[in-house]
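Let's take a walk through this structure together. Have a look at the picture first, and then we'll go through it piece by piece.

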Amino acid sequence: MAPKRGGKVVSAPAKKKPEKAVNPLFEKRPKQFGIGGALPPKRDMSRFVKWPKVVQIQRKRRILKQRLKVPPALNQFTKTLDKNLATSLFKMLLKYRPEDRAAKKERLLMKANAEAEGRDPGVSKKPIVVKYGLNHVTYLIEQNKAQLVVIAHDVDPIELVVWLPALCRKMEIPYCIVKGKARLGTIVHKKTASVLCLTTVKNEDKLEFSKILEAIKANFNDKYDEYRKKWGGGIMGSKSQAKTKANEKLLAKEAAQRMT
């Protein structure tokens, strides 16, 4: 008899996988993330957060300043004093902080008590302190009494101080732009200060002060003409830059084909 068609073919016995040695000390306990189970791992959800309107405006303004072309008069406020020089400058300014309300009250009380007792209050010389206030500093610059002018980079509206570098250069007074109106404010016991000024320093600080002035002149006064012609902004996003590069490559390829 002929063999039957479609008969079952006996397959070779499958090889058994070698079992992994399980350590009885460490029991495997997989987490269950269902309802009433383990808490899911923390994820970065900042992309999905609805930020406050103030934060949204700040971020949009920052991006807009990068995209738009910025004229040289405003762009110069992005060139601030470097960290090391700024540290030494603020150390100098802190030595000449004006007195706060408590110190002034104490001084006036001592003076009143001395006058009441019939003693001479002892009129001392005018103290050497940092001058602040836009009108006051402008007057000192015009009178050529200022020796150093410190301007904040984030004054809002910027039009308040945008003309100060030009005035300082005209009067040949060293000026510098530093980061943070709040940082300037701490020196004069205020929340913020747009501009500070030093008219003179003590004899023991004159050598250090002259070194700071030289460095500031080299970074700002001498580079004024360079900054006066340099526009800022015009920085597009990553997608836009990639698209522009792709278009440039395509145009270059077409130009190469025409040449051949």
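**A guided tour**

Start with the open sheet, where 4 strands sit in the order β2-β5-β3-β4 with mixed pairing. The edges belong to β2 (131–132) and β4 (175–178), each with a single partner strand, so one side of each has no neighbour in the sheet. Helices (H or I, at least four residues) and strands (E, at least two) are DSSP runs, numbered from the N terminus, and two strands pair if DSSP finds at least two bridges between them. Strand β3 (residues 148–152) runs parallel to β4, and the two pair over 4 bridges. If you look along that pairing, you'll find Val 149 opposite Tyr 175 in β4.

A word on what you're looking at: this is a predicted model, where local features need pLDDT of at least 70, side-chain atom pairs count only at pLDDT 80 or more, and totals for chains, interfaces and linings use all residues. Residues are numbered from 1 along each chain as its sequence is written, and side-chain values use heavy atoms, with hydrogens and water left out.

Is Gln 76 buried or exposed? With a relative accessible area of 8%, Gln 76 is buried (buried means under 20%, exposed over 50%, partly exposed in between, using a 1.4 Å probe and protein chains only). Leaving out residues up to four places away in sequence, Gln 76 touches Val 162, Pro 165, Tyr 175, Ile 177, Tyr 224 and Tyr 227; contact here means heavy atoms within 4.5 Å.

Now for the charged residues. Side chains of opposite charge can pair when their charged atoms come close. The structure holds 5 salt bridges, each a side-chain nitrogen of Lys or Arg within 4 Å of a carboxyl oxygen of Asp or Glu. One of them joins Asp 225 and Arg 169, at 3.2 Å from N to O. Asp 225 is in helix α9 (residues 224–228) and Arg 169 in helix α6 (residues 164–170), so this pair ties together parts that are 56 residues apart in sequence. Asp 225 also meets Arg 228 in a salt bridge, at 3.6 Å from N to O. Those two both lie in helix α9, 3 residues apart, about one turn of the helix.
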